[in-house]
Amino acid sequence: MNAQHALRCLYGIVSRESLRFLNQRGRFFAALVRPLVWLFIFAAGFRSILGVSIVPPYQTYILYEEYITPGLLGMILLFNGMQSSLSMVYDREMGSMRLLLVSPLPRWYLLLCKLLAGVAVALLQSYVFLAIAWFWDIHPPVFGYLLVLPALVLSGLMLGALGLMLSSFVKQLENFAGVMNFVIFPMFFASSALYPLWQIRDASEWLYWVGYLNPFTHGIELIRFALYLQFSWQSAAVVVVCTLVFLSVAVVGYDPLRGSLARKIDAR
Amino acid sequence: MESASGQEQPVLETHQLCFSFHSKRVLDDVTMHVHKGQFVVLLGANGAGKTTLFSLITGLYASDLGQVFIGGSDLRTRTQQALAQIGVVFQKPTIDRDLSVLQNLRYFCQLQGIARSDAKTQIALALEQHSLSELAGRKVMQLSGGQQRRLELARALLHKPELLLMDEATVGLDHESRTAFLNSTLQLCRDNKTGVLWATHLMDEVASADYLYLLHQGKIVAHGTIPALLAQHQQSTLDGLYRHLVQTDVSTNQGPGA
């Protein structure tokens, strides 16, 4: 693989996804409204009920809004990862996926480019969300805004790879909507996005373990720690391993020799 | 490029390709060749296996048996070298309707790894050749069916491929647009010495073929130049030839008395 060709291809795919995203302004606002509603309404309403005691990485008592901010960043990445996979199913149905897959580059690299393009779009949304949250008195350390970038990229890659993996097994767009409901909501609610895991443990031991084993929890914790200038080795390791596993399965799924793709593109 | 025997190497060779779909044999023992500057027509009814064959040639599917060589490169072992030599117009449009004509062409150049300055020149030339210059800034969704097909053809040729694959490329076009589109592809084939494999189920698109393959129920039931096939099967029209060949194949498959 020629490095210059690879870079041009990456730039092309990222530009295309960004242009499509900017052309669909409704999608941009919809993606932002979701976490903002949670921040402005849900968090305000539950502030007094769901008090959060001192838990790492926080050094002191914090407002509930501050606690769920990393979870809402995770929400942006999760929805975006699934949205970009949805667009792959759509592209496959509409035919534009064929154009990508017959490009003279290794298929794993083309899929990685698609993944990175999705993450680039999610990053833009995440920083706009953080900027709005700042006016809502969410003030992480200034340097945290920079340190959270690699954490957002890693978590975004993991969630995008998960979506990519799911898209390789799904035949039609209608089926993917079902998969999203079975994946997004359980992943989001059974995680540390809205409440710390120790609080879940008070209610149910098995639910605690579900949350603990949920890769999304580790994505959020990676973001939470990075935003407050700390690093969670455990979360980083889980996120990296899950990304590699999800991406590998997706690459196999999109391989015409081994995967299920060949039977998915309608034959005539 | 010439082979060891001194003969010009075909830009496309398929050897005994077989493909099954849910245990049903969709393509059976398909062997064909396309040479440089040759306009080859693959004629077959809907469901004959044309699109499946194109999916095998472009690497979207992997064959159960057989081989595909593009410009001498084995698609299975030298996939990227092989794919770099083909331009494809798929049956279903593959252009991005949300992007402009120019953005679609740029995107394709980037996928093919064409340097920015070269891409600029190539795109300007392609727009002019295919009468799309005035539409460059327009979104694809604002173009007519014929203009969209012209854009697909322009895009497929941006990287100067040796082989052009056209899978039912005129579907959805009116007669006038179909004729214009076919003629411009033929012109490109002659001028650039590009090998063209044109899949169709329409009889009126067959007449200009340098060589014809007839695909019926996943098998090549006849191939040759049109005059040779007409003479061989004692037919005076293409319609008659098609009916004769298909009926012969059906009765052969069903056995005597069918």
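At what angle do the axes of helix H5 and helix H6 of chain B cross? Let's start there, keeping in mind that every view shows a predicted model.

**Figure 1. Helices H5 and H6 of chain B run side by side, roughly parallel to each other.** Helix H5 covers residues 145-156 and helix H6 covers residues 175-192 of chain B, and their axes cross at roughly 15° and come within 11 Å. Angles under 35 degrees count as roughly parallel, which is why H5(B) and H6(B) get that description. Their crossing is right-handed. Look for Arg149(B), Arg150(B) and Leu153(B) on H5(B), which meet Phe181(B), Ser184(B), Thr185(B) and Leu188(B) on H6(B). Sorted by class, the residues of this contact are three nonpolar, two polar and two charged.

**Figure 2. Helices H6 and H10 of chain A pack roughly antiparallel to each other.** Here helix H6 (residues 142-169) and helix H10 (residues 215-227) of chain A lie with their axes 7 Å apart, at an angle of about 170°. An angle over 145 degrees counts as roughly antiparallel, so that is the term for H6(A) and H10(A). The crossing of this pair is right-handed. Among the residues of H6(A) that take part are Leu147(A), Val148(A), Ala151(A) and Met158(A), while H10(A) brings residues including Phe216(A), Leu222(A) and Ile223(A). What classes do the residues of the contact of H6(A) with H10(A) fall into? They divide into 13 nonpolar, three polar and no charged.

Figure 3. The axes of helix H5 (residues 107-134) and helix H11 (residues 233-253) of chain A cross at roughly 125° and come within 10 Å. H5(A) passes H11(A) in a right-handed crossing. On the H5(A) side you can find Trp108(A), Leu111(A), Leu112(A) and Leu115(A), and these meet Leu247(A), Ala250(A) and Val251(A) of H11(A). This contact has seven nonpolar residues, with no polar and no charged ones.

**Figure 4. Four strands of chain B form an open antiparallel sheet.** Reading across the sheet, the strand order is S2-S1-S4-S5. Strand S2 (24-34) and strand S5 (73-74) of chain B each have a single partner strand, so one side of each is left without a neighbour in the sheet. Inside this sheet, strand S1 (residues 12-21) and strand S4 (residues 65-70) of chain B pair over five bridges in the antiparallel sense. To find your bearings, look for His15(B), which stands opposite Gln67(B) in S4(B).

**Figure 5. Six strands of chain B form an open sheet with mixed pairing.** The order across this sheet is S6-S7-S8-S3-S9-S10. Which strands stand at the edges? They are strand S6 (86-89) and strand S10 (219-224) of chain B, each pairing on one side only. On average, neighbouring strands of the sheet are turned by 15° against each other, direction ignored. Strand S3 (residues 39-43) and strand S8 (residues 195-200) of chain B give an example of parallel pairing, over five bridges. Within it, Val41(B) stands opposite Trp198(B) in S8(B).

**Figure 6. Chain B is divided into two parts, domain 1 and domain 2.** Domain 1 takes in residues 1-85 + 161-222 of chain B, and domain 2 takes in residues 93-160. Taken over C-alpha atoms, the centres of the two domains are separated by 23 Å. Where the domains of chain B touch, 12 residues of domain 1 are in contact with 10 residues of domain 2.

Note on methods: Residues are numbered from 1 along each chain as its sequence is written. Chains are lettered from A and ligands numbered from 1 in the order in which they are written. This is a predicted model: local features need pLDDT of at least 70, side-chain atom pairs count only at pLDDT 80 or more; totals for chains, interfaces and linings use all residues. Side-chain values use heavy atoms; hydrogens and water are left out. Axes are lines fitted to C-alpha atoms, for helices over the stretch in contact, and angles run from 0 to 180 degrees between N-to-C directions. Helices (H or I, at least four residues) and strands (E, at least two) are DSSP runs, numbered from the N terminus. Angles under 35 degrees count as roughly parallel, over 145 as roughly antiparallel, 65 to 115 as roughly perpendicular and the rest as oblique. A crossing is left-handed if the near helix is turned anticlockwise from the far one by less than a right angle, and right-handed if clockwise. Contact means heavy atoms within 4.5 Å. Ala, Val, Leu, Ile, Met, Phe, Trp, Tyr, Cys and Pro count as nonpolar, Asp, Glu, Lys and Arg as charged, and the others, Gly among them, as polar. Two strands pair if DSSP finds at least two bridges between them. Domain bounds come from an automatic or database domain assignment.
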